[in-house]
Amino acid sequence: MNSTLITNIGELTTNVAAAGDPCGTMRDAAVMIEGDRIVWVGPAADAPHASESDPAVERGGQRRDETPTAAVEVVDAGGRALIPGFVDSHTHLVFGGDRADEFEARMAGTPYAAGGIRRTVAATRAASDDELRRRLADFVAELHAQGTTTFEVKTGYGLTVHDEARLARLAAEVTPEVTFLGAHVVPAEFADRREDYVELVCGEMLQACAAHSRWIDVFCERGAFTPDESRRILAAGIAHGLLPRVHGNQLGPGEGVRIAVALGAASVDHCTYLDDADIEALASSGTVATLLPGVEFSTRQPYPDARRLIDAGVTVALASDCNPGSSFTSSMPLMIALAVREMGMTTAEAVWAATAGGARALRRDDVGVIAAGKRADLVLLDAPTRTHLSYRPGVPLIRTVWRSGRSG
Ligand code: NIG
Ligand code: FE
């Protein structure tokens, strides 16, 4: 089994909560990886192999005189910061076409109202499996290069039984975190018979997608699905063994948050327009509020009040919502910078929300944390501290990414 020792880490964000520090920060630390797991975390001075000066071990190289099974690759982090790989718990990455023209029009003053979803549906239906697969592979490479090591992908641009099932199947080729979002909008051909569409989503479409999906989601919003429709669709998904999550309170106030909390959903996403009752409901629940500041950035809406949520005791995650309409970016460092600049979060809170918070939103306990036994998903920053992620916005600071123990 391959082993790697990353040593001379200037600042290590473990996310193993210590008194007053949810990031569990350590200085002058080391991390040992074996196979796909972290096996040891501690002070660099105590690291296995760290203090031995062994001429057979090259910096960043492998022992040349031993079999690969015994090789320990030593990586000198040079005093840089190491953080858990980002967990992006909300993306819509299987689609055809783009909507750059819609973005330009929006920047010139046309407000976002989610109406463009139907354009992406048309382009997605017209795309072959291979085209969608190639596009998805490019997005996955883009995510990895930016330090994202776990990600969720939603369907929602097919909206026929056949197309939703193929999007779910394609998504399942790249992640176990697949969400069935047949209830994204009512497609044009059902405009006059929405009741029939809801029935299709709850019946045949769900049946065709459930085997490829872990989650069920609904866009509970004026112009998309009503609270009653949302409850019905989520209940159908739960009856098929899927776990609920909700798009709620994005474009205006509504019942999305309370529906999610009442169902014990893992997460309710957007949370841009919340009232006191929503915040109270979230604070006394196990439902994560997943904030998607790329949307507010790209649609010129007001940012959600993360400070108020955190101060009320709500667990907050950050995700990209990468999609061709409301947020066509997959950059988790950008989400962190926006959360700090615009939403009142500290960098520590934002980095936690983009790693451990995303893991909570996906009910995963094997990622988002740097501790023995966890998956070796790690990001070495080209910076001495994680604060540089918000302090140096737009600068590529991702130096090395390990996914399940493998770098590159
Ligand atoms: O999360 N809110 C609904 N769906 C996406 C936007 C989809 C689109 O505009 O294509 C979102 O923002
Ligand atoms: Fe979304």
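## Where ligand 1 sits

In this predicted model, ligand 1 is found inside the largest cavity. Around ligand 1 there are 15 residues, and the ones that come nearest are Arg99, Tyr112, Tyr157, Gln250 and Ser326. Sorted by class, that shell is made up of nine polar, four nonpolar and two charged residues.

## Polar contacts to ligand 1

Let's go through the contacts one by one. Tyr157 places a polar side-chain atom 2.6 Å from an oxygen atom of ligand 1. Gln250 also has a polar side-chain atom at 2.6 Å, this time from a nitrogen atom of ligand 1. Then there's His247: an N or O atom in its side chain is 3.0 Å from an oxygen atom of ligand 1.

And how much of ligand 1 does the protein cover? On its own, ligand 1 has 330 Å² of accessible area, and the protein covers 100% of that.

## The iron site

His247 turns up again here, as one of the residues coordinating the iron ion (ligand 2). If you want to find them along the chain, look for the spacing H-x1-H-x154-H-x73-D.

Are His90 and His92 buried or exposed? His90 has a relative accessible area of 0%, so His90 is buried. His92 comes in at 2% relative accessibility, and therefore counts as buried too; the cut-off for that label is under 20%.

Technical notes. Residues numbered from 1 in each chain as written. Chains lettered and ligands numbered in written order. Predicted model: local features only at pLDDT ≥ 70, side-chain atom pairs only at ≥ 80, totals over all residues. Heavy atoms only, no water. Donors = N, O, S within 2.8 Å, 3.2 Å for Na, K, Ca; no water. Buried < 20%, exposed > 50% of the residue type's maximum accessible area, 1.4 Å probe, protein only. Near = heavy atom within 4 Å. Polar contact = N/O pair within 3.5 Å; in protein donor to acceptor, adjacent residues only side chain to side chain. Areas by Shrake-Rupley, 256 points an atom, 1.4 Å probe, with all protein chains shown as cover. 1 Å grid on protein atoms, 1.4 Å probe; cavity = no way out; pocket = protein on both sides within 12 Å on 5 of 7 lines; lining within 4 Å. Sits in = over half its atoms within 2 Å of the grid points. Nonpolar A, V, L, I, M, F, W, Y, C, P; charged D, E, K, R; others polar.
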